[in-house]
Amino acid sequence: MSVDPAKTRREHVRWLLILTLYNARPVGCCEEVALATLQGMYPDATQLEVRRELDYLADRKLVSLRKEPSGRWFGDLTRYGVDLAEYTIDCEPGIARPAKYW
């Protein structure tokens, strides 16, 4: 069985974005903060990568996005995103949430 590094990264980035937005509650955060957070783990992360994965999470109703006319994006977790971060709901495939160990 081979591991797809692009898929692994994508799913991990989604989980990191959820955690970033969870820690930014109740205000949420702008894409620059999310990008800076991701670059702590993936120094080569880009704004496009952040936007692509935020858009994916918004399609799954885990994140609400506000796209400013200036071009800046703001994200905030929905109640489902909060529940996912708090391990109160199951995590469907596509997000690399670690198994609960406590």
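**Close-up views of the predicted model**

View 1. The structure is a predicted model, in which local features need pLDDT of at least 70 and side-chain atom pairs count only at pLDDT 80 or more, whereas totals for chains, interfaces and linings use all residues. Residues are numbered from 1 along each chain as its sequence is written, and side-chain values use heavy atoms, with hydrogens and water left out. G40 sits in helix α2; helices (H or I, at least four residues) and strands (E, at least two) are DSSP runs, numbered from the N terminus. Between G40 and L84 there are 44 residues of separation in sequence, and their C-alpha atoms are 22 Å apart in space.

**View 2. The whole protein chain, for orientation.** The protein chain contains four helices and three strands, and from the N terminus on these elements follow the order α-β-α-α-β-β-α. Its C-alpha trace spans about 45 × 30 × 25 Å along the principal axes. The radius of gyration of the protein chain is 13 Å, which agrees with the value near 13 Å that a compact globule of 102 residues would have; this radius is taken over C-alpha atoms, and the globule rule is 2.2 Å times the number of residues to the power 0.38. Of the 102 residues in the protein chain, 38% are buried.

**View 3. The largest nonpolar core, around L17 and I18.** A nonpolar core is a set of buried Ala, Val, Leu, Ile, Met, Phe, Trp, Tyr and Cys residues joined through side-chain atoms within 4.5 Å. The largest such core has 24 residues, and L17 and I18 have the most contacts inside it. Two or more core residues come from each of α1 (5–23), α2 (31–41), α3 (47–59) and α4 (79–85), with α1 giving the largest share, six residues. In soluble globular proteins, nonpolar side chains tend to be buried together. Which residues does L17 contact, leaving aside its neighbours within four places in sequence? Its partners are A34, L38, V50, E53, L54 and L57, where contact means heavy atoms within 4.5 Å.

View 4. Not counting residues up to four places away in sequence, R9 touches Y42, D44, A45 and E49. E32 belongs to helix α2 and, with a relative accessible area of 39%, is partly exposed. From E32 to E53 the distance is 14 Å, C-alpha to C-alpha, although the two are 21 residues apart in sequence.

View 5. R25 and P26 are joined by a cis peptide bond, for which omega is about 5 degrees. P26 is found in the loop that lies between α1 and β1 (29–30).

View 6. K61, in the loop between α3 and β2 (63–67), has a phi near 65 degrees, a positive value in a residue other than glycine. For Y87, which is found in the segment after α4, phi is near 60 degrees, again a positive value in a residue other than glycine. K61 counts as exposed because its relative accessibility is 54%, whereas Y87 counts as buried because its relative accessibility is 16%.

Definitions and conventions: Buried < 20%, exposed > 50% of the residue type's maximum accessible area, 1.4 Å probe, protein only.
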